[in-house]
Amino acid sequence: MNNTKYNGTAIALHWLVAVFIVVAFAVGQYMADLELSPWKLKIFAWHKWAGVTIFLLVLYRIYWRLTHPVPALPASMSENMKKGSGVTHLFLYLLMVTIPITGWLHSSAAGVSVVYLNFIPLPNLIDKNKELSDLFKEVHESLNWALLGLVIMHVAATLKHQFMDKDNLLDRMRFSGKCK
Amino acid sequence: MTALYRTTLIGLALLWAQSASAAVLLDKSEIRFICKQMGAPVEGRFKIFDADVVFKPTDLPHSHAKISIALASIDLASDESETEVKGKNWFNVTHFPQAVFQSTSIKALGGENYEVHGHLALKGITQDIVVPMKIHTLSGMQVAEGSYSLMRTVFKIGEGTWADPDTVAEEVVVKFKMILAH
Ligand code: HEM
Ligand code: HEM
């Protein structure tokens, strides 16, 4: 048993979700300022499909996380650092769940249903209501800025571990990382 | 005696006339629609409309309905889409502020089912249409409900870049519910 590294499933989910989030974020940012056009409606739909995909992957990821032990952090890390890392990860999970849900709420309140991949109709979470639609739009956006901030912190922390602490923390999340 | 008889008759006739021109309770009635964008249903409605309806199941030849919809009162997903849909490519409300349905005849299909034949005038185009309708009574009031599948390009709703039915589907389902008070 190798307890210094996440297993293949966790690593695959981490990177798949990371790539999807970067794409969904960039697409969301791009589309929000577009003038209304068929193109905009298309991109909105694709953004929602990507977002729902992330949501499903994250639900599976959380299930994985709750049913598997995580590798112990390097002994060189202080207790506070470990706590900080745990809290950051917890908030990343929270945002990865609440961002898709607020997007879905925003859509529902706008009276626009979500049909995942133009194939699976999702139920409307709430009735059409313009005020709520605007509110959830704002919340969806704000949570995205929070996510951006946390991800920057998260990546900065990884780089610090890699280049300053030189504890090879990144290897724990790498497919080809050496096992200590 | 005859005087009393006559007054009663006049009174009855007045009552009859009143019940004949049932007033539509506009604030309880609704006109909604569902269109599809990228395969996903999008709901909307018209907040302002006028309805002049006379409906007597026992006297269909004298029953009729005229519904006028103020298109600018549309309630859609966002301010942006409302502005767009009032514009030239869609309803063009500055030139065509209203959609008007005027019935020509009403047929009983048995039970609570009826068929309303009439013309729909929208964006300068008039078409003969047939609208299925159900009538039932709810605490003493008649409720008329039905829906009509409108093909938007027939009325040039969504022109230019919007004509492509892959983004906004051809079919728009218009649903109405009219509450008639006697
Ligand atoms: C983790 C997944 C998601 C991410 C990272 C994400 C990110 C974003 C971002 C960055 C924006 C632009 C905000 C702005 O500047 O206005 C946005 C807008 C939007 N998102 Fe998401 N989103 C996600 C999931 C979803 C889902 C699942 C839905 C719906 C089912 C959704 C629906 C929307 C809509 C409708 C807008 C446009 C807001 C508007 O202008 O009306 N998003 N999203
Ligand atoms: C949207 C982007 C990202 C999100 C949402 C995200 C989220 C997460 C979460 C929630 C964990 C905790 C895993 C767990 O214990 O269950 C994690 C771990 C990790 N992430 Fe990310 N991540 C992202 C991008 C990145 C990037 C770009 C890097 C590399 C530069 C990275 C490197 C790592 C590493 C090394 C770990 C393992 C930390 C440890 O061993 O405790 N992540 N990530």
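For His14(A), the distance from a side-chain N or O atom to a nitrogen atom of ligand 2 is 2.8 Å. An oxygen atom of ligand 2 lies 2.5 Å from an N or O atom in the side chain of Arg65(A).

As a predicted model, it is described with local features at pLDDT of at least 70 and side-chain atom pairs only at pLDDT 80 or more, while totals for chains, interfaces and linings use all residues. Residues are numbered from 1 along each chain as its sequence is written, chains are lettered from A and ligands numbered from 1 in the order in which they are written, and side-chain values use heavy atoms, without hydrogens and water.

## Iron site of ligand 2

His14(A) belongs to helix α1 of chain A and His154(A) to helix α4 of chain A, so the pair ties together parts 140 residues apart in sequence.

Ideal angles for six octahedral donors are 90 or 180 degrees.

## Surroundings of ligand 2

The shell around ligand 2 has 21 residues, the closest being His14(A), Arg65(A), Tyr93(A), His154(A) and Arg172(A); a residue is near a molecule if one of its heavy atoms lies within 4 Å of it. By class, 14 are nonpolar, four polar and three charged (Ala, Val, Leu, Ile, Met, Phe, Trp, Tyr, Cys and Pro count as nonpolar, Asp, Glu, Lys and Arg as charged, and the others, Gly among them, as polar). At least two shell residues come from each of α1 (8–32), α2 (38–67), α3 (79–109) and α4 (130–165) of chain A.

## Ligand 1

The iron atom of ligand 1 is coordinated at 2.0 Å by NE2 of His47(A) and NE2 of His140(A). His47(A) lies in helix α2 of chain A and His140(A) in helix α4 of chain A, so this pair ties together parts 93 residues apart in sequence. Angles of 87 to 179° among the six donor atoms around the iron atom of ligand 1 make the arrangement octahedral.

Ligand 1 is surrounded by 22 residues, among them His106(A) and Asn144(A). They divide into 11 nonpolar, eight polar and three charged residues. A side-chain N or O atom of His106(A) is 2.9 Å from an oxygen atom of ligand 1.

## Fold of chain A

Chain A contains four helices and two strands, in the order α-α-α-β-β-α from the N terminus; these are DSSP runs, with helices (H or I) of at least four residues and strands (E) of at least two, numbered from the N terminus.

How values were computed
A polar contact is a pair of N or O atoms within 3.5 Å; within protein, one must be able to donate a hydrogen and the other to accept it, and residues adjacent in sequence count only if both atoms are side-chain atoms. Donors are N, O and S atoms within 2.8 Å of the metal (3.2 Å for Na, K and Ca); water is not among the atoms, so sites may look incomplete. Four donors count as tetrahedral if all angles lie between 85 and 135 degrees; four count as square planar and six as octahedral if opposite donors are over 155 degrees apart and all others between 65 and 115; anything else is irregular.
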